[in-house]
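Thanks for coming, everyone. Please look at the screen for a moment before I start.

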Amino acid sequence: MKEMSTSEIDWKQNIFQQLKLRNKREKEPFENLIQSYSKSFDIASSLKSKNAQLTVEVDRLKEENTRLSEQGGGSSPGFNDKTHSVDVQKLYKLQEELTELHKKRGENSQQIIDLNMLLQEKERELMIKDAKLHDTDAVVLALKSEIKNLEMTIVELEQTNQMLKDEHQALGLAFTAMEEKYRKIQDENADLITRWMHVKAKDADKMNEDNDIQIKKRQAKLQKELIDAAKEPVEIRPESEAGIYVPGIVPICVSVALPNKAQHKFEAHDGEVNAVKWSPSGTMFATGGSDRKIKLWEISGGKCQCKGILTGSNQGIMALDFGIEENYILGASNDFASRVWSLTDQRLRSTLTGHSGKVLAAKFLGDCSKIVSGSHDRTLKIWDLTRIACIKTIFAGSSCNDLVTLQGSNIISGHFDKRLRFWDSRTDSSNTEIMLQGRLTSLDVSSDRSQLLCCTRDDSLKVIDLRMNQVSSSLYADHFNVSCDWSRAVFSPDGTYAIAGSHDGSIFIWNIAKEKVERVLKEHNNAVLACAWHPSGQYVLSADKQKKAVLWSDI
């Protein structure tokens, strides 16, 4: 057999010592009692034997007394009487001793009974303590087993803890490395953004110079043509006002004439008129309404005449955009889709579905081969019209109320969370974000692409300098209230003015440089949802929530 371990010997000796102590503690109180009991028992035995002897002696004396009485005559009466009295006294004495012995015997018997009862009670207590000791031993064994299990668990936990410490240390080192890498990338990104902004500023300055040169050349050319035309007699026909614009050629806006009168007021749709848009050449304009139609209009004799109705949408039209060559028109709809119609035959060409919310904005991206759309489902989608398929989805994080496109692949979107987000369609992340004070309802880019006009629900217009990406002007007015989340505000063609409709039907025109209201136009009886300025600066269109559209001019 294997030798017992030291720990096992120790706990056995410990139990043995505890048993000895318990035996000593419980034995000592009963030793005197047991000795008294033994002594009382011996006394009772001796008294019993002595009692038996006295009984025999009494019987003997009685027999002898009887015998003497019967013999009577053999001895003298005096002697007999004397002898009898002695015997009687002796007998009384013996009876008294016997009575005393019986009394002592009774007392000893009662004491023995009491001691027996006390002994039984002590034995019961001892049995109870033995049972408790047995239970305690069982509990001790269970606790020892539990201690052993806990010790094993502690060992396992210590091993796990050590492993976790090692992993935490490794992760800490990895995190430190990643943090350092992230810091370097941030520094590189900041440097790249600074350089990019510097390059963009140079490009903007160069573009502004080129635009200034082109404008000067066009103005000189126009002035020369006007001088040459003034030398020839020309028959002026007022009815042919719209005939001076050529499709595909963007008219030059030399100066903007602020409108001061409603030239023509007409019912454009059967419900809300959500969008109005001039073609790039200004030969026509389009309106989109909650009646699910897009209508094409031309100005003839100072009045607006409908030249076509485009159908195919299942819900109200929310935004419009013309192709640069005026071959196509794009409409965004509440039925989660965008559609493209051909302007030559006024037929539906493409239906772009894939959003899971209302599409509030859509624009041609670059040429007419791509489209970008923004939706309530918090995404922007880029579509390829040659394949009629979504080629990219950008997760913006907030519902998009409007968007504009810049040169190349750059997109700016305005959102419900009060943020402007700048995107490069070649990447998935936002390059820059600008936080404004209210939810954005519309965006418009100036003709020189240097400024962005933002309409917000805090009842103000903000002008953003795109070269610095910061607010350059804030336009407010008493009684100006933005009517809804898709209320549209626009620049004038020369970027000097901004126009927007109010909830009470008024139209406000601001001078951006002075940041003050130049004119307030009143003709609508309901909230004005959209405005559009003619590319030449000659006309302004406005549309409200109750079917009406108004053509404004300065004559």
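Predicted model: local features only at pLDDT ≥ 70, side-chain atom pairs only at ≥ 80, totals over all residues.

Residues are numbered from 1 along each chain as its sequence is written, and side-chain values use heavy atoms, with hydrogens and water left out.

Start inside. The largest nonpolar core has 16 residues. Such a core joins buried Ala, Val, Leu, Ile, Met, Phe, Trp, Tyr and Cys residues through side-chain atoms within 4.5 Å. Buried means under 20% relative accessible area, exposed over 50%, partly exposed in between (1.4 Å probe, protein chains only). Those with the most contacts inside this core are F266, W278, F285, I299, C304 and L551. Which strand supplies the largest share of this core? That is β2, with three residues.

Now the loops. Most residues other than glycine have a negative phi. I388 has a positive phi of about 50°. I388 sits in the loop between β12 (379-384) and β13 (389-395). R449 has a positive phi of about 60°. Its loop runs between β18 (440-445) and β19 (451-456). Strands here are DSSP runs of E, at least two residues; helices are runs of H or I, at least four, and both are numbered from the N terminus.

Last, charge. Where is D205 found? D205 is in helix α2 (residues 77-230). At 39% relative accessibility, D205 counts as partly exposed.
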